[in-house]
Amino acid sequence: MPERAEPCTIAWEEETASIIYIDQTLLPGRYEQMRCTTVEDLARAIRRLEIRGAPALGIAGAMGVALAAARSTEAGLDRFLAEVGRAADLLRSTRPTAVNLAWGIDRVARKIAMAASVGEAKAIAVAEANAVAEEDELVCRRLGAFGEELFPAECTVLTHCNAGALACRCWGTALGVIRSAVAAGKNVRVIACETRPLNQGSRLTCWELLRDGIDVTLIPDSSAAYLMRKGEIDLVIVGADRITQDAVFNKIGTYMHAVTARHHGIPFYVAAPVSTFDLARTEAEITVEERDRSELAYCGDRQLAPDGVNVLNYAFDATPLDLVDAIITEIGVLRPPYAESFRLVGKGREVRPR
């Protein structure tokens with residue numbers, strides 16, 4: 001499978017000191033790159049899911065701090081750092097469930113806090129943000145190489161939401177594993193769930209895989225259990241927006257796939273970089289984002305639900321770790337008991353195959 005020489009999902013443009021990104025709300029009908037020149041523009045883009053996907057949000061957070069730094073006109077270091085800090089707080093508030101956003105913000109903020117001057121802080125911010133982006137590609141490809149070894153030579157894989165190139169700088173996590181398996185010569189057929197919110201599976205995952213020439217079939221989320229019962233799914237692989245001590249947070253609907261997979265004896269895998277781990281917290285401590293009622297009550301301009309009806313529109317759910325057969329990371333494949341595996345993550349040690 002040839003690699004694409006296409007623009008990254010999100011990138012820093014040095015000449016204009018701005019952020020260039022693919023507006024994912026326009027896909028699959030239109031492929032268009034946008035430019036952010038203010039932190040407020042970036043925050044709006046993140047809230048609207050123009051930029052989404054855990055690793056891509058980490059890059060956006062890092063580049064958002066760089067954007068605030070590069071565009072600041074403050075001459076005094078203390079006032080400069082206070083201004084950048086306010087921008088960081090604004091960005092951090094946009095998506096409460098996905099941990100990578102705060103991770104990227106904090107990584108750059110910690111670096112510039114050690115600067116001796118405003119000029120030095122600006123240079124550090126841009127350099128560190130670009131480092132976050134470049135590392136993401138390496139992480140995804142390494143993760144993909146570990147994960148593809150879990151795939152049989154021929155298989156049908158169910159995936160939920162979009163954990164592909166659009167969710168990262170490029171390549172992807174769950175879809176990166178699929179891409180790596182196909183590149184290794186395996187015959188992989190993908191079943192993609194449509195996925196709320198904003199049909200990220202049908203619009204984005206199908207668009208990505210179709211362009212790569214990978215066999216993909218779209219299904220309603222609610223038919224996945226029936227396909228598992230019929231024996232038409234060999235394994236499930238999804239991404240993650242946050243992994244705590246006891247649960248995996250991913251797009252709403254992931255939990256029901258995990259329960260059904262366990263019932264039918266189908267492996268359930270999660271693919272996520274170490275930056276997605278939040279091992280100081282438990283499921284109960286995490287705020288689960290709720291989306292606007294209009295996403296369920298309307299399809300474009302067409303009203304689907306009566307005025308006045310209550311709508312509960314969670315963007316994420318939490319899957320207990322006892323339903324996860326393995327977590328694929330850039331340091332290796334983690335398996336139960338996860339308390340032991342997570343100690344290796346905390347120490348940054350590579351996991352040896354077993």
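Trainee: In what order do the seven strands of the open sheet run?

Mentor: This is a predicted model, where local features need pLDDT of at least 70, side-chain atom pairs count only at pLDDT 80 or more, and totals for chains, interfaces and linings use all residues. Residues are numbered from 1 along each chain as its sequence is written, and side-chain values use heavy atoms, with hydrogens and water left out. Strands (E, at least two residues) and helices (H or I, at least four) are DSSP runs numbered from the N terminus, and two strands pair if DSSP finds at least two bridges between them. The pairing is mixed, and the order is 6-5-4-7-10-14-15.

Trainee: Which are the edge strands?

Mentor: An edge strand here pairs on one side only. That applies to strand 6 (216–219) and strand 15 (332–334).

Trainee: Which residue in strand 5 stands opposite T159?

Mentor: Strand 4 (residues 154–159) pairs with strand 5 (residues 187–193) in the parallel sense, over six bridges. Opposite T159 stands A192.

Trainee: At roughly what angle do the axes of helix 4 and helix 5 cross?

Mentor: Axes are lines fitted to C-alpha atoms, for helices over the stretch in contact, and angles run from 0 to 180 degrees between N-to-C directions. The axes of helix 4 (residues 99–112) and helix 5 (residues 118–148) come within 9 Å, and they cross at roughly 145°.

Trainee: Which strands does helix 5 lie across?

Mentor: Contact means heavy atoms within 4.5 Å. Helix 5 runs at about 140° to strand 14 (326–329), and the strands it lies across are strand 10 (268–271), strand 14 and strand 15.
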